[in-house]
Amino acid sequence: MGILSERTSLPCKNSYQANQSPPGQRICAGAERLAAARGLSARAPGRALACACAESQSVWRRFPEGAGLRVAAGARQAGPRPGSGASAMPGMVLFGRRWAIASDDLVFPGFFELSLRVVWWIGILTLYLLHRGKLDCAGGVLLSSYLIVLIVLLAVIICTLTAIVCVSMKGTICNPGPRKSMAKLLYIRLALFLPEMGWASLGAAWIADDIQCDKTVVNGIIATVIVSWIIIVSTVVTIIVVFDPLGGKMAPYSSAGPNHLDSHESSQLLNGLKTAATSVWETRIKLLCCCVGKDDHTRVAFSSTAELFSTYFSDTDLVPSDIAAGLTLLHQQQDNIRNSQEPDEVISHSPGPPQEADLDAELENCHHYMQFAAAAYGWPLYIYRNPFTGLCKIGGDCCRTRTAEYDLVGGDQLSCHFGSILQTTGLQYRDFIHISFHDKVYELPFLVALDHRKESVVVAVRGTMSLQDILTDLSAESEDLNLDCGVQDCSAHKGISQAARYVYQRLINDGILSQAFSIAPEYRLVVVGHSLGAGAAALLAIMLRSSYPQLRCYAFSPPRGLLSKSLYEHSKNFTVSLVLGKDIIPRLSVTNLGDLKKRILRVIAHCDKPKYKILLRGCWYELFGGDPDNLPTELDGGAQGHLTQPLLGEQSLLTHGSPTYSFSSDSPLESPAKYPHLYPPGRIIHLEEEGTSGRFCRAAARYSARWAHESQFSKILIGPKMLTDHMPDVLMKALDSVVSDRAAYVFCPPGGGSNVDVVCQLQPRALAPVARAPVWTSHPHPKVPNPA
């Protein structure tokens, strides 16, 4: 957050002189114009310190009580203009504090209330005109006065709402200047709530007196009172929702750091603000996770998650609707770019027979072991996949007590879980060595079973399914691991590595693997999981690899931000990851989120459309498709020369020659040491949908499979299926489809001239056999080191 100490708040000048100044020299320039462009007054008490100071690396602005914004590069002398990235996107400042809503967010709620008020006003006016002759009863004068005043009050409110909607439609996200009168209109609108509340209270009191008048009039007034209080309560709830606890303070910007401040006191202030932001986020998370325990792991997870959120959101002044508009624009931009590109060369060339055979074998393995990864979710996923027959199939197991069987598998309180696991895997209860649904922060449920079909001991780790699992996901710092794998830089996602260590210790210390291999010493070890479970399975495989050299791991939809570069390369020897379509999780990491934030800011800055048009067009495009808008790409063409006004949340983004950024670079910016670049595990199989099957319909979807490089998942792709592609049931259907399709191949008989069409016919074939590792004969239970 840009903070100017008192001694650097020099009188503002009217010309921008940063280009003529030596690096690092701050010169205030164009204050009145910049303030006016943002709808603020430089001279009004409590308003912005309308002074922009240019530095060689960044520009800082100070806004009142929490609207402080850091911006990169220099300010424009002439002020902003639409489509040029002209100004930052502040939340509205009312009553001396910032709110989590922008001045262009009032189009839809304002139009909704306006429509309601107009219908209401017409109804009351009609009621009064048609029944005013029937108000000569006892108390009729009061009711007549009530209706007249209400008609006038509603007319004033309708005029105010009309003005609010019209003003909110002006300008763009980056150009709030045309909406500078919004604050005054909102003050008027809020002031009108006082007489409305008073009049609604009087109406309720009069009705309570049991006035003997025409029932139609009385019922109309009752409806009026009810609608009035509904609107008042809705307004109070909205105020609570858009309230920003940090709105009365200057939001911290950790990425700037204390080095940009001019005094020790300012440094202390910045650190205090950062601590306040982290504290606010921690309080929010504790309220959301109030039912989660309060052990040491949970407290650490709360702190890690709060620090991640405060770091990620602290250097922007975006409101939720800005993010929604940015995602909408990014989706259309990505589709537009993809449609204009030529097909990838790699895809146009058919892979060789060895690669195809290997792909077939691994796909068959994935298809088989995905059943275990799905079974680890227990009965919720099974019921979700079988909504009509699921309860009937596992209902008996939910009510039946099998003490002996539960003792065998090491579980208690399995209830419906055991029945769903048996139905999903097709195994018998005697094939399970251990099933645990113990679920805490950094402690994941898992199962161990004997797979006689593949002659393997399968360890399946459950994915995200509880608040505890979400806290494990969000503990995204990098943690060094002490592994005996001969690899340098053994670092990984902290939360997932802690969860993998928990499963590791249970498997080894409780003798679960020893028990499994005492029953089947010739079997090999296979570790599987989906989502969070895939990340934990990949790390667990690395921990067990030195003791079980023939180990294999299958990670379904694993998170990208998991392994260091060296561990990623090491995991290719024994791990296969499977990714479906635009699934966001295999593309999700802290650095990719930072890159997504910067892309959102850039695409917003280039768009010259008002926000309500962006959202309307985006909803239509997401629901029904069509041609994407031909939007300018990120910082392309001649638009670069016009982007002299800074973009929010970017340090030296537009400073030419910056060592960390270039306009042509597509890679994410360098991240802090706490959140380094992390990679997905193993070799990656990517299942891509062929053609289009509608925005949401998957009945006719067909998929192709190919080996992919991790760099293809270095950016988050926006689309309606970015979340649904991660669902395990959708992944299982896609696997069923691609495996069945690859079970038939096109056989073309030899012969025929080059000018003669060759008739090809489909012939069924078996998938390539899976090359199984040599069985163990001498040391089925090797000594396992502790990776802690």
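Val 152 sits in helix H3, which covers residues 140-168; helices (H or I, at least four residues) and strands (E, at least two) are DSSP runs numbered from the N terminus. The model is a predicted one, in which local features need pLDDT of at least 70 and side-chain atom pairs count only at pLDDT 80 or more, while totals for chains, interfaces and linings use all residues. Residues are numbered from 1 along each chain as its sequence is written, and side-chain values use heavy atoms, with hydrogens and water left out.

**Surface patch and cysteines**

Together with Ile 148 and Val 156, Val 152 forms a nonpolar patch on the surface, and the three have about 230 Å² of accessible area together. Patches are made of residues with over 30% relative accessible area and no salt bridge; like charges are joined within 9 Å, and nonpolar side chains (Val, Leu, Ile, Met, Phe, Trp, Tyr) within 5 Å. Accessible areas come from the Shrake-Rupley method with a 1.4 Å probe, and for residues only the protein chains shown count as cover. An α-helix has 3.6 residues a turn, so residues three or four places apart point the same way.

Cys 159 counts as exposed because its relative accessibility is 54%. Buried means under 20% relative accessible area, exposed over 50%, and partly exposed in between (1.4 Å probe, protein chains only). Cys 490, at 8%, is buried. The structure holds zero disulfides, a disulfide being a pair of cysteine sulfur atoms within 2.5 Å.

**Nonpolar cores**

A nonpolar core is a set of buried Ala, Val, Leu, Ile, Met, Phe, Trp, Tyr and Cys residues joined through side-chain atoms within 4.5 Å. The largest one has 48 residues, and those with the most contacts inside it include Val 457, Leu 507, Leu 525 and Leu 544. Among the elements that give two or more residues to this core are strands E8 (446-451), E9 (456-461) and E12 (524-530), and helices H16 (494-509) and H18 (532-545). Helix H18 gives the most to this core, with 10 residues. Apart from it lies another core, of 42 residues, including Leu 359, Val 458, Tyr 554 and Ile 685.

Helix H14 (residues 416-425) is mostly covered, with nine of its 10 residues buried. Among the buried residues of H14 are Cys 416, Phe 418, Ile 421 and Leu 422. After H14 comes Gly 426, which has a positive phi near 75°.

**Salt bridges**

The structure holds 26 salt bridges. A salt bridge is a side-chain nitrogen of Lys or Arg within 4 Å of a carboxyl oxygen of Asp or Glu. The table lists some of them.

| Pair | N to O distance |
|---|---|
| Glu 196 and Arg 117 | 2.6 Å |
| Glu 710 and Arg 560 | 2.8 Å |
| Lys 572 and Glu 569 | 3.4 Å |

Glu 196 is in helix H4 (residues 182-208) and Arg 117 in helix H2 (residues 107-131); this pair links distant parts of the chain, 79 residues apart. Both Glu 196 and Arg 117 are buried.

Glu 710 and Arg 560 are likewise both buried. Glu 710 lies in the loop between strand E16 (702-708) and helix H22 (728-742), and Arg 560 in the loop between strand E13 (552-556) and H19, so the pair ties together parts that are 150 residues apart in sequence.

In the remaining pair of the table, Lys 572 is partly exposed at 26% relative accessibility, and Glu 569 is partly exposed at 37%. Salt bridges that share partners also join Asp 104, Asp 105, Arg 179, Asp 322 and Lys 611 into one network.

**Polar contacts and a distant pair**

A polar contact is a pair of N or O atoms within 3.5 Å; within protein, one must be able to donate a hydrogen and the other to accept it, and residues adjacent in sequence count only if both atoms are side-chain atoms. Asp 595 lies in helix H20 (residues 590-606) and is buried at 4% relative accessibility. The side chain of Asp 595 makes a polar contact of 3.2 Å with the side chain of Lys 715.

Arg 706 is in strand E16 and counts as buried, at 16% relative accessibility. The side chains of Arg 706 and Glu 688 are joined by a polar contact of 2.9 Å.

Leu 580 belongs to strand E14 (residues 575-580) and is buried, with a relative accessible area of 0%. Leu 580 and Tyr 703 are 123 residues apart in sequence, while their C-alpha atoms are 9.1 Å apart in space.
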